[in-house]
Amino acid sequence: MDSALLVHRLHFAFTVTFHYLFPQLTMGLAPLIVWLKTVGLRNNDRVYNEAARFWARIFGINFVIGVVTGIPLEFQFGTNWSHFSKAAGGVIGQTLAMEGMFAFFLESAFLGLFLYGEKRLSPKAHWWSAVAVCAGSWLSGFFIIATDAWMQYPVGYSRTPDGSFQLSSFWHLMLNPWAWWQYAHNMSGAVITGSFVMASIGAFYLLSKQNVEHGRVFVKTGVIAGLIFSVLQLFPTGDRQGKMVAEYQPATLAGMEALFQSQPGAPLVLIGQPDMENRQIDNPILLPRMLSFLSYRRWDAHVRGLDAFPQDVWPCNVPLLYYCYHIMVGLGTIFIAIAILASLLLWSGKLFEARWMLWILLLSLPFPYIANTAGWITAEVGRQPWLVYGLLRTADGYSKQVSAGNGLFTLIGFMGMYTVLGLLFIFLVRREVEHGPAESALAAHV
Amino acid sequence: METLWFIIVAVMLTVYVVLDGFDIGAGIIYLVAAKKDQERRAVLKAIGPVWDGNEVWLLAAGGTLYFAFPQLYASSFSGFYLPLMMVLWLLMLRAIGIEFRLHVPAPVWKDFFDAVFFLSSALLAIFFGAALGNVIRGVPLNAEGYFFEPLWTGWHLGPHPGILDWYTVLAGLVALSSLTCHGALYIAIKSEGALYLRARGIAVLTWPILFFLTICSLVATYFVRPAVMNNYRAHPVGILIPIVVFAALAVMIWAAPKGKEKVAFIASSLYISGMLVGAAFALYPVVLPASTNPEYSLTIYNTAAGHHGLVVGIGWWSLAAALAIAYFVFLYRMFKGKVQVEQGH
């Protein structure tokens, strides 16, 4: 691979992967905070109100890091991917500008009110500011997904003689079916992160016997939301997303499953290692005919394998795609199992005493992050070798005049900067968790 | 249609500089104006609720620029690769400085974050000024509409200039002094006591430097790019812009020492707007002049997105802008008045 292309790809991959660790929690926590505030407001419940404030503090730290790591992404469209921007800006400029105009203003204006304004606003007005922040972060997510969805499944465009894309139908762009299913899948994934993080911190408090009444609220809210959204993540959102990939990106599906040979009644690989040299799966554990059924709802449906496509349209890193996809699906299944188990215990009133289950919840914290990241790698590596699927190759999109050396210079700079940001984030969140949500205790600490 | 979007983008960038300008300026005067911990917290609290909202204008303006003139976005962002990345790092450092200064209890780290906040603010002001200087001076565009500028090439101008030469550094210093004034006036509005007096004093002391540099930069611009006069000759109404700039400067030095810092702050905003609008007026319809061959210059016509997209954009943009203005009016009304810092936490 051209080394400048590699550097620019790594540059975006690194900055976007790091960035998305933060918005997934922001978008996932926002509706949960609104829920906590709603209960707190309706029942005038001190614990729920303190819980909402505690998570608002975590949200605030998370939000700042999300913003500062988000700015470079918008810039990189121009700095590192200028040929792509020139070609596709006529279409995706719409969604990216709409994100700025509709979502960022809403979010940032009300975040200030939400974080600093509780004493000045009436409880109801403060509740509305929480709703506005939530709406802003979810709108932001939509416009980004709409941008990505257009790259996955381009609609509503025409091409000029020089090959660049121009918008021909605004509503096709907004109502792109790919965007809506991907959005549902992605947002549900974000709420899974939010719920598991909430349940995990709650479990930590219960296990360490501090802030017990808040810990119970966290665990209860996290487990119930986790159950709802981890089921939604599989069905219908994940299922529909998978079908769209099968229909419109068949080479990607073949790569995700590492299905080398086209066949009727194709099996689903649970575990195994793709062997690109011999074009087979090593040490496979298979579910016979399952892939045919999942993709086309028929046990004997013919599924096209990688051999059905010329090699220059294969996803360029099949093993990575395959592993990320399997990690995502595998973890998603485990989340459902954890959530069902914890919900049953909650329902029978034993959850808060079941230390083993609390330990599982506590330790589950990093895994939704891994699953969301793996899911995004599946989507983006799966789109390769295209920037705009089937129309514009990644190799034609980067900034030709920015050399590999210049790209590497700034990539290393971002790695350093993000290491510092990551350490500060952990330090600040740890402080909040140590202080805890109880406000009398907070006052005693400071 | 292209002209309308040119105006929209220019206005958004101007709003960004006026708004983020005062919190960047607050960072520039921070170490000198605020001596005690309590005063420093007062400065941070004065900008705390608004600074990231102000920065959103940069993102929104950038997004709108990308949407309306994708080719310009592609060329300028990749051509100014290194300085833009440094701007990003400075914006990050500044966010770290502001937010974490408020949260980290150990005094040693407070000093560290204070220094980070000051340095990143001052450098940002210089970088933004130098960026505008580069746009006015022109860049070495090739026939495909791309360029790549080295950081420096021995400080002199020519067909293949660098990011930093005497002209762009002069522009950077104009930006530094004007944002120093702007930020000092904002902090004066928002503060009391010793902090108030020092902030007002800084504004008054910076004014002669600003005045001198402004005149230098206008004269220099005339020599660096004589074409800037064309639009002023063709449309004499443009002469109002420099009149506004100098009137604003006069009002600043009249109002600031008398304690009318609100009036002075409005004048300072007008000064900044006048300088930027004047530059945009002089450039139009060019958006990035070529130092190599005038035919390679990027204009609003050869960089704009397709017609349908621009027309649709007017609809949603107007709606979004109306909403944004409503939020900001509401926000500033909620946080108006002097900042109170309670003792302790």
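**Close-up views of a two-chain predicted model**

**Figure 1. The hairpin of strand 4 and strand 5 of chain A.** Strand 4 (residues 268-275) and strand 5 (residues 280-287) of chain A run antiparallel and are joined by six bridges. Strands pair if DSSP finds at least two bridges between them; helices (H or I, at least four residues) and strands (E, at least two) are DSSP runs, numbered from the N terminus. Within this pairing, Ile271(A) stands opposite Ile285(A) of strand 5. Four residues lie between the strands, and Arg279(A) in this hairpin adopts a positive phi near 55 degrees.

This is a predicted model, in which local features need pLDDT of at least 70 and side-chain atom pairs count only at pLDDT 80 or more, while totals for chains, interfaces and linings use all residues. Residues are numbered from 1 along each chain as its sequence is written, and chains are lettered from A and ligands numbered from 1 in the order in which they are written.

**Figure 2. The contact of chain A with chain B.** Chain A contributes 49 residues and chain B 51 residues, two residues being in contact if their C-beta atoms, placed from the backbone, lie within 7 Å. On the side of chain A that touches chain B, at least two residues come from each of helix 3 (46-79), helix 4 (82-116), strand 2 (165-167) and helix 14 (404-435). Helix 4 of chain A provides the largest share, 23 residues. The model scores ipTM 0.87 and pTM 0.91.

**Figure 3. Cis peptide bonds at Pro236(A) and Pro385(A).** Most residues other than glycine have a negative phi, and most peptide bonds are trans. The bond from Phe235(A) to Pro236(A) is cis, with omega near 5 degrees; Pro236(A) belongs to helix 8 (residues 212-248) of chain A. Gln384(A) and Pro385(A) are likewise joined by a cis peptide bond, with omega about 5 degrees. Pro385(A) is found in the loop between helix 13 (366-383) and strand 7 (386-388) of chain A.

**Figure 4. Positive phi at Ala258(A) and Arg289(A).** Ala258(A), not a glycine, has a positive phi of about 50 degrees and sits in the loop between helix 9 (250-256) and strand 3 (263-264) of chain A. Ala258(A) counts as buried because it has 25 C-beta neighbours inside 10 Å; a residue is buried with 20 or more other C-beta atoms within 10 Å of its own, exposed with 12 or fewer, and partly exposed in between, C-beta atoms being placed from the backbone. Arg289(A) has a positive phi near 65 degrees and lies in the loop between strand 5 and helix 10 (290-296) of chain A. With 18 other C-beta atoms within 10 Å, Arg289(A) is partly exposed.
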